[in-house]
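Student: I would like a close look at one part of this model, with the cut-offs stated as the terms come up.

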Amino acid sequence: MQDHSLIPAAIEWPTADATRVPFEVFTDPELYAREQQVLFRGPTWNFVALDIEIPDPGDYKTSFVGDTPVLVTRDQDGTVHCMVNRCAHRGSALKFDGSGNTQDLTCVYHNWRYDLAGNLQSVAFQHGVRQVGGMPPDFDLARHNLRRARVEVFHGLVFATFSDETPPLREYLGERMASHIARVLNRPIRILGTYSQTLHSNWKLYMENVKDSYHASLLHTFFSTFKLNRLSMQGGVLVDGGGAHHLSWSRRGTDTAAGTEYEKAGELRAQLDDFTLADPTLIKSWLEYDDGITHSIQSIFPCFVLQQIQNSLAVRLLVPRSVDESELFWIVFGYADDTPEQYDMRLRQSNLIGPAGLVSMEDGIIGNFIQRSVHREQGRSAILEMGGKEVEDQQSRVSEAGVRGFWQAYRARMDI
């Protein structure tokens, strides 16, 4: 039987470049199935955990590569492993409680037992009862290990890939993306909280949103009104990996809004000049790094995001759930050497950015607005020409270069 996930998608791209995106890519269930095989099980590195989530031998965490459930473990030697969270026997999930510590991985269904590297160690009643029943004599435990992924850890970020063709992680990231990760994860961190939000939209709509520096001060009224992030600040967009990865950045202290739409009354929906904060300490901040950058969003293809917004630091993992639903997992962190005052401020700002605040709630619903609107719009396309038509670095964030880069990389990998 032919594997339909490997059949090239029957989607016609309207342009040779990435300035147009057919709406079918957000609604086609066959394309979604193919992505799982070609992208997520193909030559990509996928973030699955922070290594401090599994600090001790025997620790494990459940995670995802695409929509495939995986287990991330640390064995007795301290080595980190990642494997499909599926018993080789009948397919049951081995762990379903998020995280914990264990001596081995034992399936609740029939008690098949694996070590922390995914090697099958024993089968309950393999030799039957008093030599009656049981598995055939030629049954070989070593042929029924869990499906393992390659793992690399970079500055505390655990990435996994199922493909032998994926280049080493440092090469996959490239020098500039690796340097930015090292900039943020420059010393020991501590986790402040975790949560997830369901997005009622195709996963690619959220990754577009992350790479879209153009929207940030237009959709997010709070950012514009209280001058946290404006396009008139010094900033730019870096695009690497053939468009796959991006980094947008800005410096809050360089805002020069004179003569722009920000200074024209009523010009921008996102500008509310008569609003004030009852508690201004909400946006109190300190300069986090010597380079003066106050806002940076980095994405690593396909679904990883590293965030610095003021003093709110977080990693995000986007998990596709179906063609029209995804789930966004957040890990909010600070540094181990933070003062109590810094710890308190990071907590306040994480609530501002996260789904309980304003920013991520707005990003979540805008994806659904698109998902609902394009459902019957076959033959129509999105327009991506802000900042030109190329996939290249930009000196301004009034640009969709990062979004174009995503689609350029996506098309190359999906062969469409």
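What is the order of the strands in the open sheet of 7 strands, and which pairing does the sheet have?

Tutor: This is a predicted model, in which local features need pLDDT of at least 70, side-chain atom pairs count only at pLDDT 80 or more, and totals for chains, interfaces and linings use all residues. Residues are numbered from 1 along each chain as its sequence is written, and side-chain values use heavy atoms, with hydrogens and water left out.

The order in the open sheet is S12-S18-S17-S16-S15-S14-S13, and the pairing is antiparallel. Strand S12 (189-199) and S13 are the edge strands, each pairing on one side only. On average, neighbouring strands of this sheet are turned by 15° against each other, direction ignored. Here helices (H or I, at least four residues) and strands (E, at least two) are DSSP runs, numbered from the N terminus, and two strands pair if DSSP finds at least two bridges between them. Between S12 and strand S18 (residues 325-335) there are 10 bridges, in the antiparallel sense. In that pairing Ile-191 stands opposite Phe-333 in S18.

Helix H3 (residues 175-184) packs on the sheet and touches S13, strand S14 (245-251), strand S15 (295-300), strand S16 (304-309) and S18. Contact means heavy atoms within 4.5 Å. The direction of H3 makes about 130° with that of S15; axes are lines fitted to C-alpha atoms, for helices over the stretch in contact, and angles run from 0 to 180 degrees between N-to-C directions.

Buried means under 20% relative accessible area, exposed over 50%, and partly exposed in between (1.4 Å probe, protein chains only). In H8 the buried residues are Val-359, Ser-360, Glu-362, Asp-363, Gly-364, Gly-367, Asn-368 and Gln-371.

What covers its buried residues includes strand S13 (234-240), along with strand S1 (20-22), helix H1 (29-40) and helix H4 (203-211). Among the buried residues are Ala-401, Gly-402, Val-403, Arg-404 and Met-414. Just after H9, Asp-415 takes a positive phi of about 55°.

The whole structure holds 14 aromatic pairs. Rings of Phe, Tyr and Trp (its six-membered ring) pair if their centres lie within 6.5 Å; planes under 30 degrees apart count as stacked, over 60 as edge-to-face and the rest as tilted. Phe-301 and Phe-406 form a tilted pair, at 5.6 Å centre to centre and 45° between the planes. Phe-301 lies in the loop between S15 and S16 and Phe-406 in helix H9, so this pair ties together parts that are 105 residues apart in sequence. Phe-301 counts as buried, at 0% relative accessibility, and Phe-406 likewise has 0% and counts as buried.

Trp-407 and Tyr-410 are separated by about one helical turn because they are 3 residues apart in the helix. An α-helix has 3.6 residues a turn, so residues three or four places apart point the same way. Both Trp-407 and Tyr-410 are buried. Ring pairs link Trp-13, Phe-26, Phe-40, Trp-203, Phe-301, Phe-406, Trp-407 and Tyr-410 into a cluster.
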